[in-house]
Amino acid sequence: MVEAEQLTFRYPGKPTDVLTDVTFTLRDGRTLITGASGSGKSTLFAMMNRLYPDNCDGIVTGKLRLFDRSYETYGPGEVNRRVGTVFQDPDSQFVMQTVEEELIFTLENFQVDREAMMGRIEAMLQTLHLSKYRHRRIHDLSGGEKQQIAVACALVGRPEWLLLDEPLAHLDPETAARFVRWLDVAARTVNVVVIDHRPSLWGSFFDRQIELQTGCIINDRPFTPRPDYEFEPIQMPRTDDLLFHIPKINRETFELAASDLTVAAGEVVAILGRNGSGKSTWLKSLARNHRDVGLVPQSPAHLFITGEVTRELAYGHDRPIDELLTRLGLETLRDAHPLSLSHGQKRRLAIGVMMLSGKRLIAFDEPTAGQDESSLRALHQLMAERAREGQAVLFVTHDLSFARTANTYYLMRDGKLSGPYDTSLWDDADLLQAHGLLTEGTG
Amino acid sequence: MTFHEMNPTVKFVTVTCLMFGLAFMFNPWTPLAVFIGTLVLQSLFANVSWKRWGLFMIPFLLTAIGTLWTTLVFGKASSGEVVFVLFGNNVTEENVMLAVTLALRVLAFTALSLLFTLTTDPKRFVYSLMQQGKLSPKIAYSVFVGFRFFPILKHEMMQLYETHALRGVRLETRLDHVRHVPKLLIPLLAGSIRQAERIAFSMEARAFTGDKRTTYEVVPVTRSDMLLASLLLLLFGVSVWIGIR
């Protein structure tokens with residue numbers, strides 16, 4: 001389907017190429033493309049369904065043939081009739097309100113006859129076991145359900161290939177494992193290409209794997225299931241205890257039980273549980289009720305109020321900021337707009353903000369979603385540093401590998417917090433299972 | 001045969017024609033007749049909650065009363081018999097007629113607009129504009145995406161308020177929230193542009209190009225559409241006749 005020969009790609013106005021000399025041929029079957037952020041895998045992905053170079057005016061050299069035709073000979077949307085795509089973010093790939101309307105939208109684009117549409121939608125949903133969602137509003141579905149609907153929308157056009165861009169990034173491990181098992185059956189009749197930097201979640205789904213590094217293919221071989229990254233627990237001497245009380249919250253559809261949390265300085269706490277179990281609500285409540293707690297949201301950019309790194313750090317107090325700027329490695333970016341920083345820099349800036357405002361507990365909301373290995377290592381480093389300096393660190397996650405960095409655990413289920421547990425938690429299969437934390441292949 | 005089922009484009013064109021025509025009538029009777037007639041047609045051919053209608057009407061009713069009042073108090077002095085004196089301003093019969101005309105025009109405009117808005121499903125309106133109004137699918141589907149975008153944007157804004165409050169921004173009263181809006185614009189805009197790009201990619205990836213597609217949701221033009229449009233036009237004709245009689 002795809003033949004690339006000495007392919008290079010450069011974004012307009014950038015000094016270096018994102019893809020440098022890529023040569024490969026994609027054959028039928030299931031292929032995984034891995035690589036760290038910035039390795040060029042997303043760019044390559046967007047060239048395979050021909051969203052690039054047209055939509056970003058990128059500069060391409062070398063050969064790229066899609067279905068035995070050079071990429072330039074396709075018009076917009078043309079190759080997309082043969083290649084279905086599922087994107088990473090469940091929230092920004094739908095156009096219409098309900099599942100059925102969304103499927104109709106795709107069929108209309110494919111110029112399917114009006115009379116044939118309902119039949120095809122019904123058959124598709126039946127094959128994928130999604131019939132019960134037909135009239136549901138997409139907005140009300142969970143992340144995993146949305147990704148299933150996105151696959152249905154891609155498959156209803158009867159493509160020859162299915163491309164998926166990190167479809168598991170926002171799913172908890174149980175949901176992710178269920179999605180992979182479901183996709184294994186759903187995608188029996190199409191060829192599949194997946195971009196993901198965490199192959200471990202996919203079990204033995206693939207036939208082949210291609211690894212990219214800074215725009216080059218460094219590995220192209222049959223797929224072998226691989227264990228996930230490993231992290232060492234952060235061990236620091238613990239000092240004075242802090243006690244937090246989190247009051248009960250009643251919502252129409254959800255109830256968060258009251259809970260108490262005791263954290264010692266130097267402790268690293270992980271809060272685990274399924275998506276929708278109430279972890280984030282609990283965390284927000286913790287931060288709202290205690291001035292000692294500094295919350296770093298999932299996208300750290302939400303924290304920023306001003307238009308300059310220095311002003312951001314100096315906001316709301318008059319302590320000196322210069323030493324901290326150097327320690328965070330942001331001194332060259334003093335005047336940059338906080339929103340223009342990279343994700344890692346944004347997170348460091350957010351932590352800097354928390355340090356200067358004298359928070360004793362730094363709480364991260366889902367800090368690992370969509371992060372690659374080097375970014376996770378950097379986060380691990382940052383957390384260890386905080387703990388060493390006598391701050392307590394807490395994070396909410398469904399990333400079981402990264403959770404190993406913690407030394408104390410709490411579990412959340414249906415709005416009820418239980419704990420603390422120590423690392424022996426990982427040997428208690430029943431407990432893990434009950435909280436959606438055990439999947440085949442891990443644990 | 002109801003206004004809910006009526007083809008939205010036909011309805012839109014008819015209502016717009018009526019409003020345009022009303023702008024040329026300078027007597028109190030025509031707008032009054034249109035106002036009453038619209039209400040009659042609405043009660044006959046539409047199932048509109050009068051409570052909702054009343055609530056929407058309140059601000060416009062106030063506008064109408066305001067118009068009446070200001071035209072009376074600050075009306076141009078004109079020759080003619082003085083009917084009464086208001087705050088030292090001699091109000092002639094001509095002044096009264098002008099004031100009532102303007103006030104009734106506001107009411108007639110409102111009644112017509114409400115007849116359209118309260119009986120029209122926005123989605124069906126866009127479909128119909130695409131089919132009868134030859135609106136480009138690119139624009140139409142941007143509107144659909146907009147419908148979906150709104151709750152997402154609202155959610156994003158609530159999250160920003162929440163995290164900013166945690167950073168010590170004073171956000172206690174409604175006024176605090178309003179004052180903080182300029183600080184939210186750049187992050188909201190940055191987020192929206194990214195989201196919009198993603199949705200645009202997703203649309204192209206599903207073969208949406210803006211030209212040649214089939215249509216599932218057909219919004220037809222039927223005889224009852226023409227009948228309802230004629231009724232509205234007839235109402236206008238009669239009202240004009242009442243006015244210039």
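## The α2–α8 crossing in chain B

The crossing of α2(B) and α8(B) is right-handed (a crossing is right-handed if the near helix is turned clockwise from the far one by less than a right angle, and left-handed if anticlockwise). Helix α2 covers residues 29–45 of chain B and helix α8 residues 223–244 of chain B; they pack at an angle of about 150°, with axes 8 Å apart. Axes here are lines fitted to C-alpha atoms, for helices over the stretch in contact, and angles run from 0 to 180 degrees between N-to-C directions. That angle makes α2(B) roughly antiparallel to α8(B) (under 35 degrees counts as roughly parallel, over 145 as roughly antiparallel, 65 to 115 as roughly perpendicular, and the rest as oblique). Helices (H or I, at least four residues) and strands (E, at least two) are DSSP runs, numbered from the N terminus.

Who meets whom? On the α2(B) side you'll find Trp29(B), Thr30(B), Ala33(B), Val34(B), Gly37(B), Leu41(B) and Phe45(B), and their counterparts in α8(B) include Leu228(B), Leu231(B), Leu235(B) and Phe236(B). Contact means that the C-beta atoms, placed from the backbone, lie within 7 Å. By class, this contact has 12 nonpolar, 4 polar and no charged residues. For the bookkeeping, Ala, Val, Leu, Ile, Met, Phe, Trp, Tyr, Cys and Pro count as nonpolar, Asp, Glu, Lys and Arg as charged, and the others, Gly among them, as polar.

## Ground rules

This is a predicted model: local features need pLDDT of at least 70, side-chain atom pairs count only at pLDDT 80 or more, and totals for chains, interfaces and linings use all residues. Residues are numbered from 1 along each chain as its sequence is written, while chains are lettered from A and ligands numbered from 1 in the order in which they are written.

## Two other helix pairs in chain B

Next up is helix α3 (residues 50–74) of chain B, which packs with helix α4 (residues 93–117) of chain B at about 160°, axes 8 Å apart. α3(B) and α4(B) are therefore roughly antiparallel to each other, and their crossing is right-handed. The α3(B) residues in this contact include Trp53(B), Phe56(B), Met57(B) and Phe60(B), and those from α4(B) include Leu98(B), Leu102(B), Val106(B) and Leu114(B). Sort the contact residues of α3(B) with α4(B) by class and you get 15 nonpolar, 5 polar and no charged.

Then there's helix α5 (residues 122–131) of chain B, packing with α6(B) at about 175° with the axes 10 Å apart; α5(B) and α6(B) are therefore roughly antiparallel to each other. Here Val126(B), Leu129(B) and Met130(B) from α5(B) meet Pro137(B), Ala140(B), Val143(B) and Phe144(B) from α6(B).

## The hairpin and the overall build of chain B

Chain B has 8 helices and 2 strands, and along the sequence the pattern reads α-α-α-β-β-α-α-α-α-α. Its radius of gyration is 24 Å, well over the 18 Å that the globule rule gives for 245 residues, so chain B is more spread out than a compact globule. (The radius is taken over C-alpha atoms, and the globule rule is 2.2 Å times the number of residues to the power 0.38.) Along the principal axes, the C-alpha atoms fill a box of roughly 70 × 55 × 30 Å.

The two strands are β1 (residues 82–86) and β2 (residues 89–92) of chain B, paired antiparallel over 4 bridges. Strands count as paired if DSSP finds at least two bridges between them. β1(B) and β2(B) form a hairpin with 2 residues between them, and Phe87(B) in the turn has a positive phi of about 45°. Phe84(B) has Val91(B) in β2(B) as its bridge partner.

## Chain A and where the chains touch

Chain A has 12 helices and 20 strands. Its radius of gyration is 23 Å, close to the 22 Å from the globule rule for 443 residues, so chain A is as compact as a globular protein of that length. The C-alpha trace of chain A spans about 65 × 50 × 40 Å along its principal axes. In chain A, 4 strands form an open antiparallel sheet in the order β2-β1-β4-β5, with β2 (19–26) and β5 (69–70) as the edge strands. Strand β4 (residues 59–66) of chain A joins β5(A) through 2 bridges, and Arg65(A) stands opposite Ser70(A) in β5(A).

As for the interface, 37 residues of chain B are in contact with 41 residues of chain A. The elements giving two or more residues to chain B's side are α6 (137–166) and α7 (174–205) of chain B, and α6(B) supplies the largest share, 13 residues. That side of chain B divides into 19 nonpolar, 9 polar and 9 charged residues.

Technical notes
Contact = placed C-beta atoms within 7 Å.
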